[in-house]
Structures are given as structure tokens and as C-alpha cells.
Amino acid sequence: MPVSQFLSAFRAAFGSGQFLKCTLSKPNARAESDLKNVYLRPVSLKKGLFVAFNYRYRTRDEVKNLDIEAAIARLEQLLGAQFLNAELFTTDRQYSLQFSRSGTPHLGSKAAENAAAPDTAHDRRKNRLLDPAAPWLHRLGITSAKGEVLAAAQDKWRQINKYLEIIEALLRSTPLPDDAHIADMGSGKGYLTFALYDYLTNRAGLQPRVQGIELRQKLVDFCNDAAQQAGFEGLSFISADIADYRPDRLDMLIALHACDTATDLALAAGIRHQARIIVAAPCCHKQIRKAMHTRNELAPVLAFGILEERQAEILTDGIRALLLESEGYKTRVFEFVSTEHTAKNVMITAVSGPRNESALEKVAALKAGFGIEEHYLEKLLDSSDH
Ligand SMILES: C[S@@+](CC[C@H](N)C(=O)[O-])C[C@H]1O[C@@H](n2cnc3c(N)ncnc32)[C@H](O)[C@@H]1O
């Protein structure tokens, strides 16, 4: 009875859009060897809403997306038979199904600790990403006290939402562990750091540890105060140089509009820690511009300053993308929305993937053609023992 009640609650929450996540723990002797937990989350695919099963083995993860019927059938195979504990989190209730050693199930439930209202509006997808009534948005000067986006903050609001759409798509292909460790390097005033934390905890159902790294102490203090007031326990900011930041673990690296080679420092840290997801929006590109001595047919056109500047941007980010590929990342380069800080709006995203064995040869050819002695990211990767 408790098992079928648990499964009914699971099915009902999934059907009504209130399912946040489900965790299976305490594997018994019949569980697959090395399998520690299974994390379930809703995942929106082209074919509709599925349940993502993230099987966490001692040294690797495996993800399978199942439709609701297959998901229920799979849970029936796992509950009690292989796992002695299951927790189901919905927007309004938490269920706990526990099996004694003799196999007797017990089901408990209580109101959700951070009850979130289910999505009801017709534009459900957008609503799901960020609630404009979130108090932190007001504290950061994006919304009014009534939760309306201020006229002066419309661009910022669009940027935040676009950013979360990108994050949502990345998580669909590359799920993060429940307790993901995330660094936002060069977090500035923290809009995007707060948005990421809010989305991951309140919409994606994770319990991440997100840290903003920022040189300017004033901004760090402001962001820490705002995080505390928002009750965002897993969000913190430290005043440090990205060059000196040495996290123990890094599952996701963010570096948005960090200046010039700060982006390279951040990318190198992400690669060194084998972060599963890397998101960077480069800012200025001075290093390569100074290093360029073009020796190919583009030389005459690059005598025009603006064209040389654009070429330097292309080379800086193109070589970054190739270096990521050479390190085992599937990489994309595309246009992000422009911001008030900069007209530079290229975004590079990278997720764990196969190594591109020919990428380094391509980098070497580009460097030769444009007379570039060194690309800072390549130098960092060469000098680190990753
Ligand atoms: C243009 S702001 C971008 C802020 C935020 N990421 C965004 O996109 O809205 C860049 C921030 O990176 C910080 N920064 C630059 N170099 C840094 C470094 N080496 N270590 C830590 N922070 C750095 C700057 O102080 C600045 O606040």
C-alpha cells in the first residue's frame, strides 16, 4: 500500500506539473554494484515532458529519460528491491518512503518546506524560469516593490531570462548532480548569479552550492547581504582574484563578461576541474589583438583598426572554443543578448564530450597564419598539470 500511494503521488505530481524531484538512496545488496543513488527530475524534451533518471555510480553518472509509464515501471523495480529510501519533492508536499531491513515499507509526508506555487499561466515555460516577484530582484534594483520589472531594467531582465533559457537547455543535455558546486567568476553585481541560484533551487529542484568570485569587496558585501536576506543558503560571494581561486570541486563554471584574460583564467579552472558545464561570455580581447602580426591574405584588410579588432575577437574566442574541444568538451559559440556593460555578445558554452583530436593542429595553424606567439588560455593549460 505505501508503495502504491507513493507512486500515485509521483504520477499525480508529474501530471499536474508539481513534480520537482525524487531521490532514491540506501542501496541494498541487490542494487547494481557501485550504484549509490538515483536522482529523478522532470525534463522537457521535444517529444514532451519526461522523467530524467540520473544513476550516480561511484565514479560516473548515467542519465536515462523515460516517459511517465516507463518511469513508474522502473520505480516499481527499484523501490524496496534495490533502494531502501525514496524522497519525493513536489511543489506543495514532501513524501518519504522507507523500507525496514525486513522489507516493510513506511510512507510519511509533510508540507513542502519551500512551497512553490505551481505554474498556472499559459506561458508556462517562461514563468517557470524566474518569478519576477522574487524579493531579491527588487533588492538588486530590477523590479519595483510590487514585483514589476522597472523600465530601466528591461534589458537586464531580458538578459537574465535568455541566460536561464540557455542554462535550462544545457541542463537538459548535461544534468548536474543534486549538490552541484558552481563558481561564477567575475560575478559583479550578481544579477546572473542570483538568477542561476534561484532557477536551480526553485525550478530545477537542486541544492547547489553557488559561489560568486569578485575582486571588488563592496560588491561582494552587497551580494552576501542580499543572499542572506533572500534566504539563499547555498549562495555566497568571496572577494578574490580568479587567478588565485582554488575550489575543491567544480561541476559548472560561469564566467560572464569577465575582463580580457580573466575569461581564460576562468576557463582554465573549469577545464582543470573537469566541470561538466562551462558558460562564458567573453568581454574585451586585448591579449590577442596585441599579439597579432598577420601573415596571411587578410593582412591588408586588417590594417583597418576596427576590422583588426573584430578579427582579434574572432581569433580569441575561436581558439578558446577549439582548446575546449581539444580538452574533451562539446562546444558552441553563439550570440548572447547584448548588455549595458558591453556590446560584446558572444557566448561560449561547453559540455563534457569527446576530445577533438585535431583541434590543437587547427589552433597551431591559426596562430601561424596570424603570427600569434601565444594564446593565454593555451599557455595556462600547458602550464597546469591537469
Ligand atoms: C563586466 S563585470 C560582469 C559582471 C557579471 N558577470 C555580469 O555579466 O553581469 C566583470 C566583473 O569581473 C570582475 N573581475 C575582473 N577580473 C577579475 C578577476 N581577475 N578576479 C575576480 N573578478 C574579476 C570585475 O571586478 C567586474 O565586477
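How many bridges join β9 to β10? Let's work through that and two further exercises together.

This is a predicted model, in which local features need pLDDT of at least 70 and side-chain atom pairs count only at pLDDT 80 or more, while totals for chains, interfaces and linings use all residues. Residues are numbered from 1 along each chain as its sequence is written.

**Exercise 1. Trace the strand pair β9 and β10 and place it in its sheet.**

Step 1. Strands here are DSSP runs of E with at least two residues, and helices are runs of H or I with at least four, numbered from the N terminus. Two strands pair if DSSP finds at least two bridges between them.

Step 2. β9 and β10 run parallel and are joined by 5 bridges. Across this pair, Val-210 stands opposite Leu-235 in β10.

Step 3. The open sheet has 7 strands in the order β10-β9-β8-β11-β12-β14-β13, and its pairing is mixed. β10 (235-239) and β13 (329-335) are the edges; each has a single partner strand, so one side of each lacks a neighbour in the sheet.

**Exercise 2. Find how helix α7 lies relative to β10.**

Step 1. Axes are lines fitted to C-alpha atoms, for helices over the stretch in contact (C-beta atoms, placed from the backbone, within 7 Å), and angles between N-to-C directions run from 0 to 180 degrees.

Step 2. Helix α7 (residues 217-230) lies across β9 and β10, at about 165° to β10.

**Exercise 3. Describe the two domains.**

Step 1. The bounds, from an automatic or database domain assignment, are 2-111 for domain 1 and 124-383 for domain 2.

Step 2. Their contact takes 11 residues from domain 1 and 6 residues from domain 2.

Terms used. Contact = placed C-beta atoms within 7 Å.
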